[in-house]
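Please study the sequence and the structure before reading the solutions.

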Amino acid sequence: MNKENAVDPAATARHERFGKLPERIPFESTIEGKQAEPNAGVTADHNPEGAWNFYSCLALDLGL
């Protein structure tokens, strides 16, 4: 039996699905411009009691 001429239906299906790379996406399509608010830093409130929610420390997580 000649394996070179044998056609495996699963291999054919894989090649149809994954046989080529997808089309490249241009860089301009991957970024989004957004207007910044001029007073964002002035109007943002700081909550010192809730600041620990955003603090990550391995020693603190381990209780050291």
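**Exercise 1.** State in which order the elements run from the N terminus on.

Solution. The order is α-α-α. The count is accordingly 3 helices and 0 strands, where helices (H or I, at least four residues) and strands (E, at least two) are DSSP runs numbered from the N terminus. The model is predicted, and local features need pLDDT of at least 70. Residues are numbered from 1 along each chain, and side-chain values use heavy atoms.

**Exercise 2.** Determine where confidence is lowest and where it is highest.

Solution. pLDDT is the predictor's confidence in each residue, from 0 to 100. Its mean over the protein is 76, and 70% of the residues reach 70 or more. Helix α2 (residues 40-43) has the lowest mean, 60, whereas helix α1 (residues 9-18) has the highest, 90.

**Exercise 3.** Is Leu58 buried or exposed?

Solution. First, locate the residue: Leu58 lies in helix α3 (residues 58-62). Next, apply the cut-offs: buried means under 20% relative accessible area, exposed over 50%, and partly exposed in between (1.4 Å probe, protein chains only). Leu58 is exposed because its relative accessible area is 62%.

Definitions and conventions. This is a predicted model: local features need pLDDT of at least 70, side-chain atom pairs count only at pLDDT 80 or more; totals for chains, interfaces and linings use all residues.
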